[in-house]
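Thanks, everyone. I'll talk through the packing of this chain, and then its aromatic rings. Please have the structure open.

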Amino acid sequence: MQTEEFTLVRDMLRSFAARHRVGCADEAEPRSRRAAQRALDELGLAELRRGSPPAATVQECALLAEEHGRQPLTTSLLGTALLAPELLRLLGTTAASRPTIALGRDLRFPGPPPSPLAAWDCEAADCALHVAPDGTVRQVALGPPAHTADLLRAVYTVPDADGKVLGHLTPDAGRRWQAYALVVVTAELVGAVDAFVGLSTDYAQDRHQYGRPIGSFQAVRHLLADARVLAEACTSATRYAAWCLDHEPADRALTAARVAKAEVNVSAVEAVYAGMQVFGGIAQTWEHVAHLYLRRVLVGAGLLATTADLLPALADPRPATPADGPSARTAEDIPAVAAEPETTR
């Protein structure tokens, strides 16, 4: 994509996000969710990775995922517009329906059958694509909604994992698929963390105590400085991983993606915790937006692969394969729930 074209697409997404962001959890009701998803679909972002070669690079898609993460949005960009089209492109096929991605019930990469599944980020989706550890891709049906701690993201159960076989990913395509999924998910977390650290910094300048902005106190300054360093570390690792997918072999790209996700899993949570401390008691209230960012980052830290999944795979001197680490779990390792129970008011 030309620089001018990408700038236009990113500005359109920013304008959309500013219009459809939710200011509190109560605004994420079904009617507004449907309206926001229709508006996002009209931008045509699902076409960016459908062609061969794709219209947008992985780096450009990662930057768009960052923009989507900066605002508390209920829309499905990652599952239906970025991940599912890329998987179909790697398979060399198309789908008449509107798919999203099926993950394990713990929202990690699916394990071997008969692992229970959940459809993730599926606002307006009508089916899901399940990638088995051996590279087999199936189209599976959606069941009823499932609880998730991320109040802005739609997650559905998958009652039957034995769906229609669409094809098989080659080992190289499997590595690229897993790396791409890790990069896109991590990029959205980067946007959320960066935006939340910015919000907490602005609050520290506006909130006065003892006649002075709380940001003038050394303890608060140090807290925010540490959070900014953590956010920048997340950004650097993720953007390098996106670059690797565009320029490096699949095994190197997968290694870089795993490093980025391992970094963000830890640093993003620490940065958001720091921002929550700066906001103080107001961040704990249902009406404030802070807990929406916190929920997204906490769920995202365990999404696709946890740090405990990634570090053993990174320490293994053998070439990276999709079956290593997070995808090599047995069915007994997978909980029977989609995520943490939804927090009550």
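Start with Trp177. Setting aside neighbours within four places in sequence, Trp177 is in contact with Leu83, Leu87, Leu90, Ile101, Val131 and Leu169. Bear in mind that this is a predicted model.

Trp177 belongs to the largest nonpolar core, which has 65 residues. Trp177, Trp120 and Tyr180 are the residues with the most contacts inside that core. Which helix gives the largest share of the core? That is H5, with 10 residues. There is also a second, separate core of 39 residues, and among its members are Ala195, Ala227, Ala274 and Val278.

Now the rings. A pair of aromatic rings is described by two things, the distance of the centres and the angle of the planes.

Take Phe196 and Tyr293. Their ring centres are 5.5 Å apart and their planes are at 35°, so this pair is tilted: stacked would need under 30 degrees, edge-to-face over 60. Buried or exposed? Both Phe196 and Tyr293 are buried.

The other pair is Tyr203 with Phe279, also tilted, at 4.9 Å centre to centre and 35° between the planes. Tyr203 is in H5 and Phe279 is in helix H7, residues 250–279, and the two are 76 residues apart. Phe279 has 7% relative accessibility, so it counts as buried, the cut-off being under 20%.

Put together, Phe196, Tyr203, Phe279 and Tyr293 form one aromatic cluster.

Note on methods. Residues are numbered from 1 along each chain as its sequence is written. This is a predicted model: local features need pLDDT of at least 70, side-chain atom pairs count only at pLDDT 80 or more; totals for chains, interfaces and linings use all residues. Side-chain values use heavy atoms; hydrogens and water are left out. Rings of Phe, Tyr and Trp (its six-membered ring) pair if their centres lie within 6.5 Å; planes under 30 degrees apart count as stacked, over 60 as edge-to-face and the rest as tilted. Buried means under 20% relative accessible area, exposed over 50%, partly exposed in between (1.4 Å probe, protein chains only). Helices (H or I, at least four residues) and strands (E, at least two) are DSSP runs, numbered from the N terminus. A nonpolar core is a set of buried Ala, Val, Leu, Ile, Met, Phe, Trp, Tyr and Cys residues joined through side-chain atoms within 4.5 Å. Contact means heavy atoms within 4.5 Å.
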